[in-house]
Amino acid sequence: MSRDIFDKIKEYNDAVKARFCMPGHSGQACLDKLYSSAVYDWTEVNGLDNLLYSDGIIANCEKRLAKNYGYENALMLTSGSTCGMQISMALARSRQGVALAIGNMHKCFFALARIMGVNIRCCRDLQEAEKLSASVKISCVFVTIPDYFGKLTPLKETKEFALRAGALLVVDEAHSAHFPYSPLLPDNASKYADIALASMHKTLPVYGGGALVLTNGEDIYRKCRILRADIHTTSPNYLVMASMDFADDYMAKRGEQEYAKVKLAVEKFKINLKVGKTIDNDDFSRLVVKIEGIDCDKVSNALAERGVFAEMAYGDLLVFIVTPFNCDKLDLLADMLNGIPLEKLESDIDVDLGMQNVEKSGDVVLVAPEDALGKVCAVDVGIYPPGVPVIKKGDVINQKAIDFIKKYSSRLFGLASGKVPMIE
């Protein structure tokens, strides 16, 4: 394997005498330990290629990533999968018909549809989608696989539906970036997706923001590449790209043995855990612990006070992302969970808020949660992570919703300075 970006940056670092280009730290690590990786943080100087018009080391890296992920082409992003969703929604807007979401979607799907003026429809499952397709022209089908809890749903039937509808299949597989590197893990969406979004930074040794748009079909690749040039920042982070390059090379060589190690550690954890139970899913590295009757947000806070940090708490569920680089800490995690006094942490969460949705237009104002009763929400609101809306635009705020907002205000998306946007 080769590491074009990483190795070329190292070559430049060995030869550089002075940097009079951005970023402003000039590659100097003398300020603080924070800047220990500053030497890898470059810009588009001669020889380091240009992400938006790549024909050198970045293009070579993208070809290897596409091959390793099983797609025809790959586009690197340093602005996260949300940038990939922007590209996908812009493509959907250029096609005739509505963008159809089947199942839960990340908040950015709904926000971008509003911002870009994309007509969207949502269905719970394929059965609903089939009924809708009889009366509505569908341009793109969007699905999220796997979900935040490591569960997959079959894509074969979804792809067949998309083909019948004459629609593109866009798969938000942000949480599957590690799948291609071990036969112990599930297959990714490469057999079915026209476009897929993979967040390498979520599960691989990649700095925050490192993600991919993966495509099948030359026409789709060409359009996505043009859209990336329009949408992506003109200052892509080379530190992020170098880490994507390095991680792909490392995992392609060692992923099988590394995830065998992870699997053994997870199986041992399940034996050692004495509280709650682990939830079966399709990705053993996505560890989900259910503690019946307990508010796991409080458990997550108790862990954080002890120096251990979960990925997410949601109701009576805790979610932990296990990688080759933290699986040796699972014994510690089991001991911590076993030692937390749960009798003080009873649950009072209810994410089924019984909302009523209405059509309303008007000016948007910011309202304190306690003054929102009976008003109509102007945005989507929910806990992040997982980023799935619990209160949707057009929902009439009830008391359950107010209690929910107050309880989780520090973790909610959709609020502005603690206040809720409402339609007057």
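Which strands does helix H10 lie across, and at what angle to S11 does H10 run? In this predicted model, helix H10 (residues 296-305) lies across S10 and S11 and runs at about 45 degrees to S11. Helices (H or I, at least four residues) and strands (E, at least two) are DSSP runs, numbered from the N terminus; angles run from 0 to 180 degrees between N-to-C directions, with axes fitted to C-alpha atoms, for helices over the stretch in contact. Residues are numbered from 1 along each chain as its sequence is written. The model being predicted, local features need pLDDT of at least 70, side-chain atom pairs count only at pLDDT 80 or more, and totals for chains, interfaces and linings use all residues, while side-chain values use heavy atoms, without hydrogens and water.

S10 and S11 belong to an open, antiparallel sheet of four strands in the order S8-S9-S11-S10, where pairing requires at least two DSSP bridges between two strands. Strand S8 (277-278) and strand S10 (312-314) are the edge strands, each pairing on one side only. Five bridges join strand S9 (residues 286-290) to strand S11 (residues 317-321) in the antiparallel sense, and Lys-290 is opposite Leu-317 of S11.

Helix H1 (residues 4-15) packs against helix H9 (residues 238-272) at an angle of about 125 degrees, the axes being 7 Å apart. H1 is therefore oblique to H9 (under 35 degrees is roughly parallel, over 145 roughly antiparallel, 65 to 115 roughly perpendicular, and the rest oblique). Contact (heavy atoms within 4.5 Å) involves Asp-4, Ile-5, Phe-6 and Ile-9 of H1 and Tyr-238, Met-241, Ala-242, Asp-245 and Phe-246 of H9.
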